[in-house]
Amino acid sequence: MWKKYIKPYRKEAITGFIFKLIEAFFELMVPLIVADIIDNGIGKNDTDYIIKMGALMFLLTFIGYGCALVCQYFASKTSQGFGTYLRNDMYRAINAYDYDDIDRIGTPSLITRMSNDVVQIQLAVAMIIRLCSRGPFLIIGSLIMAFRINFQMALIFLVCAPLIALTIYLVMFKTFPLYTNIQKQLDHVSLICRENLSGIRVIRAFSKQHYERKRFHEATSKQKDEQIKVGKIAALLNPCTNVIVNCGIMLVLYVGAIKVNVGTLTQGEIVALINYMNAILLAMIAFANTILILIKASACYKRVEAILDIQPSIVSGNAKNEDSDAPLVTFDHVSFSYHSARAIEDVSFQINQGETIGIIGGTGSGKTTLVNLIGRFYEASSGQIYIKDKPIQDYDLSQLRQMMGFVPQQAVLFSGTIRKNICWGKLDASDEEINDALTLSQSSFVFDMEKGIDTYINQDGHNLSGGQKQRLTIARALVKKPELLILDDSASALDFATDAALRKAIASLPQTTIIVSQRVSSLMHADKILVLSHGQLVGVGNHHELMQECQIYQEIVHSQLSKEAA
């Protein structure tokens, strides 16, 4: 899958790779020049030769440095581009998720995977281009150069290299599962942060700051312990490889001294061999550190891949919304479960066009679930839902949701102007249409603001009251003039006078309306009222019919209204 994201930058990646190999090649030449300077310059006291070869060595170093800069540029460009494409695909995938998928994975985990995990993968891509090409080339090149200088001395290199490779493998084997656990723990820390930031008012109201600090400290301490544990194992890498290489250097010096005495090896060649041994050490360490980054990135990529591999169970159909005299919504023995917990069970009813429908029931009775099924935010577990006598699965999702104006329980507004928020319902809405929607939703407070509909709304609408936010979300739904308006307990923060004025205004509109509410007064004048209890439909009818036939409805009414009002 990663090839898809590297493909647009394959030229940059290959260019960076080639320039890094050129740098490594020049680096391999330097020890030979140093050996030549020692043997032919210093050994023969030839100053001109020393200056000439020193200038050549400086030139090779400068060219190598230039190649490294070019490689760094293309590696950065490739890794950033890789991350951009990957994030875009993740965002696209997450936006196509069903509510069920988002509930299962969790928002904090999704944010962590799109931010921290992708950053780790970007780092790995850059390191692969910069170091994974250079490291093996230097190691193999140093071995070849060692054999070129002296076969017997090169055997010491052949012993050291596998020992270093074994050390790297053991560290990799031990740290891989630990990095996976660290990323999971980071999800938990993100969850606590998100809960604390979104619930700061509740935390302060209950004076729970100390408790939340303790909870956050425990989570971060657990992550710290995991990091220390993996750090201790990873920290063994450098000393172990240093010990092996330094032992190799001692052997080179010991055996080399004997060979220098007998005249089969020069002093310059000994220095070159030590330089090549150090080159192998540095290359191995760099390669090992890159491997650690790759291990961490591999754990992150598996988490990212899990996001991209999820296929939404709700697939869009092809049918378009067409005019029809058929019932607007029909539920035919519909049931739905949240992860084996039954929410709706064998519900059947019909909503005709132009009707006002009320849905009432106790907390957890399935009211919100029922209206979410109409918008196909969840897929029914069994039974069938029809829109204008067509199965809901046949409809194009954008067409289906365009015909609806949905106002959820929680009033969600986005940072930006009031105009920008209301135009979510209709992007090209005129000022007149926006003002009409504001008037219908009883949002006249907007007209009293200094900048009117161009007033800026802070994040989550913190500069507005709960009732103001609810009325603006209703205006956002009304501006699109939907065929079906769904108000899911969206007037709970309004006073009774404003609620009554809102109901009167909405009743004057021709569209079909579904009102979900805990207040009997909000829906007692509806054409039809659905009474839910523990996910079952226990009553259907108008207010007077239900007062005669449905005991649960009677209990709700008597708990809220006087006998005269009922």
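The expected span of a helix is 1.5 Å times one less than its number of residues, and helices (H or I, at least four residues) and strands (E, at least two) are DSSP runs numbered from the N terminus. This model is predicted, so local features need pLDDT of at least 70 and side-chain atom pairs count only at pLDDT 80 or more, while totals for chains, interfaces and linings use all residues. Residues are numbered from 1 along each chain as its sequence is written, and side-chain values use heavy atoms, leaving out hydrogens and water.

**Helix α16**
- The 13 residues of α16 (466-478) should span 18 Å, and its end C-alpha atoms lie 19 Å apart, which agrees.
- Because 12 of its 13 residues are buried (under 20% relative accessible area, with exposed over 50%, partly exposed in between, 1.4 Å probe, protein chains only), α16 is largely enclosed by the rest of the structure.
- Its buried residues pack against several elements, including β6 (404-407), α15 (431-440) and α17 (496-507) (contact: heavy atoms within 4.5 Å).

**Aromatic pairs**
- The structure holds 9 aromatic pairs (Phe, Tyr or Trp six-membered ring centres within 6.5 Å; planes under 30 degrees apart are stacked, over 60 edge-to-face, the rest tilted).
- Tyr9 and Tyr85 form an edge-to-face pair, 6.1 Å centre to centre with 65 degrees between the planes.
- That pair links parts of the chain 76 residues apart: Tyr9 sits in the loop between α1 (2-6) and α2 (10-42), and Tyr85 in helix α3 (47-95).
- Tyr9 is buried at 18% relative accessible area, whereas Tyr85 is partly exposed at 38%.
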